[in-house]
Amino acid sequence: MADAHERATVLKATATYTSKVAETKASFLDWATGRRQLHQRKWEAIHRLDFHLETFERRATARGARVHWAEDAAQACEIILEICHRTGAQKAVKSKSMITEEIHLNAALEEHGIAVVESDLGEYIAQIRGEPPYHIVTPVMQLTKEEIAATFHEKLGAPRDATAEDLTKTARRVLREVFLAADVGVTGANFLVAETGMIAITENEGNARLVSTLPRVHIAVAGLEKVVPRLEDLAGFLPMLAVSGTGQQLTGYNTLLGGPRQQGETDGPEEMHVILLDNGRTRLLADAEQREALHCIRCGACLNVCPVFKGVGGFSYDTTYQGPIGSVITPHFRGLREWKHLSYASSLCGACSEVCPVHIDLHQHLLRNRRNAVDAGHVGAVEWIAFRFWAWAMRSPFAYELAARAGRIAQRLSRLLGVEGSLLDPARAWTARRAAPTLAPESFREWWRKRKASERKPS
Amino acid sequence: MNSRDAILGRIRAALRAPAPHAPAPALAAELFPPLRADEALPRFAREFAALKGVFHRSPDANDARAWVAGLAARRGFARVAAAPDDLCRDAVSGVPGAQTLEREACGAQLASFDLGVTACDCLVARTGSIVLTAQSGFGRALSVLPPAHLVVARRAQLVGEIREALQLLELRHGKMWPSMATFITGPSRTADIEKILVLGAHGPRELYLLLLDF
Ligand code: SF4
């Protein structure tokens, strides 16, 4: 659970985000049509995924890139380690990519003696603090500049009162050396353009450009759902990703990379590798009803508007992808039994579905996960009995009233004894992660009966 | 079976189950209100300035040379590297000590320069973006490694929308793409710390556009 200070920092950041988005959205002729267009283009991509991936592979290979297919995280890391070993790489530099978090690449590289440094400012801060990213787009959303200055003071000797500007300069200075010394650059990819065999990377800082320019080997890791059929599709995706991600009209750098240095070019890596990762994505694809969750372009908008995300904070999810989209896809990637609880942490307000630029019906998918969890028998016996009882009590006024009275007494008792939320609490499945609402001292039915009775009495 | 065939096999098997909703037929509607031809240049200048880029429009070659020389003097750019391109060479001809690059001087060696000067493929009025490739940008590093970047463009290179820029790239390079193409929208920036905008994260902190309008 996020504390008050963390929550205030996150609320401030999301409020800034919301006002910027409103400004840039206004420059669109018709945002709703844009959403439908993107949805359609992604639909087209996903529904012929095999075809588009093969096209991508063929075109990228023709440009001198090597395309690898990885079943899971372990295999993806293995491929990357193999490339590092073959090329004698000792030092790696990364630009921001959630998928390398998903496969725990840093741990794998370090285990094999390869130093790896994050170069996105937010990711770098998270890395030197030894924390995972808090938010898929804004990795250190929960930190104030004072907290970041304290970290830089401790780790890099920066002054305690450094401003955001000073901190950025310090990181630039430190990381410049890292870029120049790295043997391997690792990036993600926002899109794979099938038609041209290129990857597209969206960023603001220029670090992804440096990561894909200076080291002699460039490795891009991409989920296989990232493919779009045509170059022209980017005309819609790039501005809508920018608006939804950060409220910009277009993100600072949108870079297309097709192959290593070509004949006659003056610089760029000698090798380019693209790793296409499954890691549960084909499982999600096989669920026709929830397949559209693969349309996600990881803009982060659904997190920023989600009351649950803002309440519990990014770390509470304990997943690579937080917020509504994380709650929808994580059960498919890691197992419904262990991750179904995320789909219950939802107010079903629908704010996420409302903002999603590719029109994913996120809150409906949360409900579907809940239903699937019940159908698969993943709910505990107590919960099962409780809901049966609830169904019966709701149909019988007598039982309902009796239960309400019993509940009030039980709650008072539980609070008096300090049991609520503890291991002894019979309602722990609910109260361990939530504050239970206080039951009204008097039910509506009781109040109504008393009122009727007093009306009858002549005053 | 190798993982490629296994994954493709699973994709094909998965897609045999049709999704519940097929999308509506293709929507071709425009995303943005149309830009009139005479609005393009003012729009570009406005957007570029809003992004904290510095825009200069030159009516003739003398003005262009003088503006670049003045800029270099004012900002103290001692080491200036220009792409071996006629527009760039001419633009820096008034800057003492400016070098026109040869092939050997690229990549990491550019880190010691104060200003990189390149051409571009086109400019996008809608978003104030500069579009360049490994060809027009003379490699990948010159436009991102030095702390300042000057782009020299002709007026005719201005297009309205991102879509037009992509079409133009396709038309020009479709047969033999350079290995890198990028849409540069303002100087390098970050807002990772408390959403406070800071320029010059890892790429150029200063971005200049010299538009040759003659
Ligand atoms: S689900 Fe939609 S709103 Fe959420 S991150 Fe993905 S694209 Fe953005």
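Which side chain does Arg12(B) meet in a salt bridge? It is that of Glu54(A), at 3.1 Å, N to O. A salt bridge here is a side-chain nitrogen of Lys or Arg within 4 Å of a carboxyl oxygen of Asp or Glu.

Some ground rules. This is a predicted model, where local features need pLDDT of at least 70 and side-chain atom pairs count only at pLDDT 80 or more, while totals for chains, interfaces and linings use all residues. Residues are numbered from 1 along each chain as its sequence is written, chains are lettered from A in the order in which they are written, and side-chain values use heavy atoms, without hydrogens and water.

Now the interface. Between chain A and chain B the rule finds 9 salt bridges. On the side of chain A that touches chain B, helix 9 (residues 164-181) gives the most, with 10 residues; helices are DSSP runs of H or I, at least four residues, numbered from the N terminus. In total, 97 residues of chain A are in contact with 75 of chain B, contact being heavy atoms within 4.5 Å. The area buried between them is about 7400 Å², and carbon and sulfur atoms give 59% of that. Buried area is the accessible area (1.4 Å probe) that two parts lose on being put together, summed over both.

Last, the inside. The largest nonpolar core has 140 residues, and Leu192(A), Ile199(A) and Leu234(A) touch the most other members. Such a core is a set of buried Ala, Val, Leu, Ile, Met, Phe, Trp, Tyr and Cys residues joined through side-chain atoms within 4.5 Å, with buried meaning under 20% relative accessible area (1.4 Å probe, protein chains only). Helix 4 (residues 73-86) of chain A supplies the largest share, 8 residues.

Note on methods. Buried means under 20% relative accessible area, exposed over 50%, partly exposed in between (1.4 Å probe, protein chains only). Helices (H or I, at least four residues) and strands (E, at least two) are DSSP runs, numbered from the N terminus.
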